[in-house]
Amino acid sequence: MTVDLSAQRTRDAAPSSLEARSSSLRLDCDVAIVGGGVVGMTLACALGQSGLRVMTIDAQTMQEAANRQNVYAISLLSGRFFAGLGVWDRISPRISTFTKIVLSDGDRAKRVAFQPMDLGADLGINHLGYVAEHQPILEALHARFGDRETLTSIAPAQVRDLTHYDDRAELTLEVEGRTRIVTAQLVVAADGARSQLRQAAGITQIGWKYWQSCVTFKVKPSRSHGNIAYEKFRTQGPFAILPLTGDRCNVVWTLPHAEAQAVMALDDAAFNAAMREHFGDHMGDLDIISPRRLFPVQLMQSQQYVRPRLALAGDAAHCCHPVGGQGVNLGIRDAAALAEVLSDAYRAGEDLGSIAVLKRYERWRKLENWVVLGFTDVLDRLFSNEIWPLVMARQAGFWGLTAIAPIRRFALQFMTGGLGRQPKISIQADRHSG
Ligand SMILES: Cc1cc2nc3c(=O)[nH]c(=O)nc-3n(C[C@H](O)[C@H](O)[C@H](O)COP(=O)(O)OP(=O)(O)OC[C@H]3O[C@@H](n4cnc5c(N)ncnc54)[C@H](O)[C@@H]3O)c2cc1C
C-alpha cells in the first residue's frame, strides 16, 4: 500500500503545509472524510471552495475508486450542484441525457410519458435528467480535487480507530503497515452502506432488506434508444432501461432473490431470451456488452446523522430501493447541505464538530431523505404485487399522472430534485447559466 498524497494535486502545485506535516506522521485538517466515492469526493470539493482544509481517506486507491462500474440516474439538481462546483464541463460531455421518461404498469397497455415541458413550458428545459457512469464523475471530481492545495488524500488506508476529544477527533489509520494519526475538527463518514464508522459509533438504523435483488448489465441495441428512460413496473419488481452514451443502455432488473440468482446462473443465450421478454423489441436486436452484476437491496435510515465530531453522509446515512434512481442524488444533496452548513459555520468562527452546528445539517437532510425513502418503498410495494385494491390504486395513480397537470408537475419535480430545500450553490449555478 502507498500513501498517495501527491497524485491528487496538479504537478506544479507547491506542497501544502498539510503535506509537509505528513512526514512527521501527524496530519491535521479541518474535516476528514472517510470514503472517496461520489458523495465523499463531492463533499471534499464543495468544502474546498470555502478554503477549508480537507483530507479524504479511502480503503482503495483513487484509481480503483474511480474504476467502479456503477451507473447512476443523475437528477437535474445534482447536475446544477456539479456545475456550481465547476466540474460539470468535464462531466457533461461524457454522460447521456434523457428527454423523456416512460412508466408502464406490467403488461397493461397503460403508460405515462413525461416530457420536459411538463415541468413548465416557460422554463426552457429540454431534458429531464442524466445517466452517468461512475468513472466520468469521479475523474472530474479528482481533477477538481487536484486543483486545490487545501485538499489532500490518503489512499489506500485502513481506519483502525476513531477517538473523540472535546476539541478534536483523531483517526488512527494503517497505511503501508504503519500507523498514522489524522486530527480533525470533524470526521465525516461517507464510507457506504456498510459504514464502519457508523457501526463503531453505535448509531442504530431503521429499515429492512427487500425480498428482491437487482441484476444490472449493459446492452447495445441495434436501434437508437432515443434518449428515453423506461421504468417498467412488473409484479416481481421494476425493470429499468437507462440510455447511456454511444447508444448503449444500462438495465436494472429487480427480481425476488431466488429468481435473480437463477437469472444470474443462465447461460448467455438463455439470459438474453429471458431479458428480452421484459426489454421488448422496440430497439431491435440487443447485444449484452458487460458482465451481469447482482445487488441485494435495502431500505435503511440511520437514527442519527450526527454525533459530536462525526457526521454521516450518503449511503453511510441511508439507503433506498433503486426504483426511481434516487440513491446517489440523495447523497449528493447531503454533501451539498453539509458543505453549506460547515462553510457558514467556518465563516462565523464556529467549531465545525460541535453538535449545535451538525444538528443544522441533520435537521435539513433527515426528514427530506425520509420522504424519498418512503416514496421509493411505496412505489416498489404498490407495483410489485397483484392484490386488487393495489392494482386499482395504481391505475388511479396512472390516470392522475396522465390527466392532471399539477400532479404530473409535482411528480416530475420530485424525480428531478426540484422539491425540498435547494442548496445555495445550485441556485447560484442556475442564475449563472440563466
Ligand atoms: C443496483 C443499484 C442501482 C442503483 N442505481 C442508482 C441510480 O440509478 N441512481 C442513483 O442515484 N443511485 C443508484 N444507486 C445507489 C447508488 O449506487 C448509491 O447511493 C451510491 O453509490 C452511494 O454513494 P456513496 O459515495 O455514499 O457510497 P459508495 O459508492 O459505497 O462509496 C463508499 C466509498 O467508501 C470507501 N470505503 C468503504 N469502507 C471504507 C473504510 N472502512 N475505510 C475507508 N474507505 C472506505 C469505498 O472504497 C468507496 O470508495 C443504485 C444502487 C444499486 C444497488
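**Figure 1. Helix α11 and the nonpolar patch.** Helix α11, which spans residues 355-383, gives the nonpolar patch its largest share, three residues. This view, like the others, shows a predicted model. The patch is made by I206, L367, W370 and V371 and covers about 360 Å² of the surface. L367 has its place in helix α11. L367 counts as exposed because its relative accessibility is 58%, and the cut-off for exposed is over 50%.

Figure 2. The protein is divided into domain 1, with residues 17-69 + 134-205 + 299-379 + 418-433, and domain 2, with residues 72-133 + 210-297. Domain 1 puts 35 residues into the contact, and domain 2 puts in 30 residues. Taken over C-alpha atoms, the centres of domain 1 and domain 2 are 28 Å apart. Between domain 1 and domain 2 an area of about 2900 Å² is buried, and carbon and sulfur atoms give 67% of that area. On the side of domain 1, P136, I137 and H321 supply 20% of the area buried against domain 2, more than any other three residues.

**Figure 3. A salt bridge between side chains.** The side chain of E139 meets the side chain of R94 in a salt bridge, with 2.9 Å from N to O. For domain 1 and domain 2, the count of salt bridges between them is one.

Figure 4. G48 belongs to helix α2, residues 38-48. With 4% relative accessibility, G48 counts as buried, since the term applies under 20%. When neighbours within four places in sequence are left aside, G48 is in contact with R148, T150 and L151. G48 and R148 stand 100 residues apart in sequence, yet their C-alpha atoms are 6.9 Å apart in space.

Figure 5. Helix α4 covers residues 76-85 and is mostly covered, with seven of its 10 residues buried. The buried residues in α4 are L76, L77, S78, G79, F81, F82 and L85.

**Figure 6. A cis peptide bond in a loop.** Most peptide bonds are trans. The bond that joins A155 and P156 is cis, with omega at about 0°. P156 lies in the loop that runs between β8 (151-154) and β9 (158-164).

**Figure 7. Positive phi at E176.** Most residues other than glycine have a negative phi. E176 has a positive phi, near 55°, and is a residue other than glycine. Its place is the loop between β10 (169-175) and β11 (178-189). At 43% relative accessibility, E176 counts as partly exposed, because that class lies between the limits of 20% and 50%.

**Figure 8. Positive phi at R309.** R309, again a residue other than glycine, has a positive phi near 70°. The loop that holds R309 lies between β18 (306-307) and β19 (310-312). Is R309 buried or exposed? R309 counts as buried, because its relative accessibility is 3% and the limit for buried is under 20%.

Technical notes. Residues numbered from 1 in each chain as written. Predicted model: local features only at pLDDT ≥ 70, side-chain atom pairs only at ≥ 80, totals over all residues. Heavy atoms only, no water. Patch = residues over 30% accessible without salt bridge, like charges linked within 9 Å, V, L, I, M, F, W, Y side chains within 5 Å. Areas by Shrake-Rupley, 256 points an atom, 1.4 Å probe, with all protein chains shown as cover. Salt bridge = Lys/Arg side-chain N within 4 Å of Asp/Glu carboxyl O. Helix = DSSP H or I, 4+ residues; strand = E, 2+ residues; numbered from the N terminus. Buried < 20%, exposed > 50% of the residue type's maximum accessible area, 1.4 Å probe, protein only. Domains from an automatic or database assignment. Contact = heavy atoms within 4.5 Å. Buried area = accessible area lost by both parts, 1.4 Å probe.
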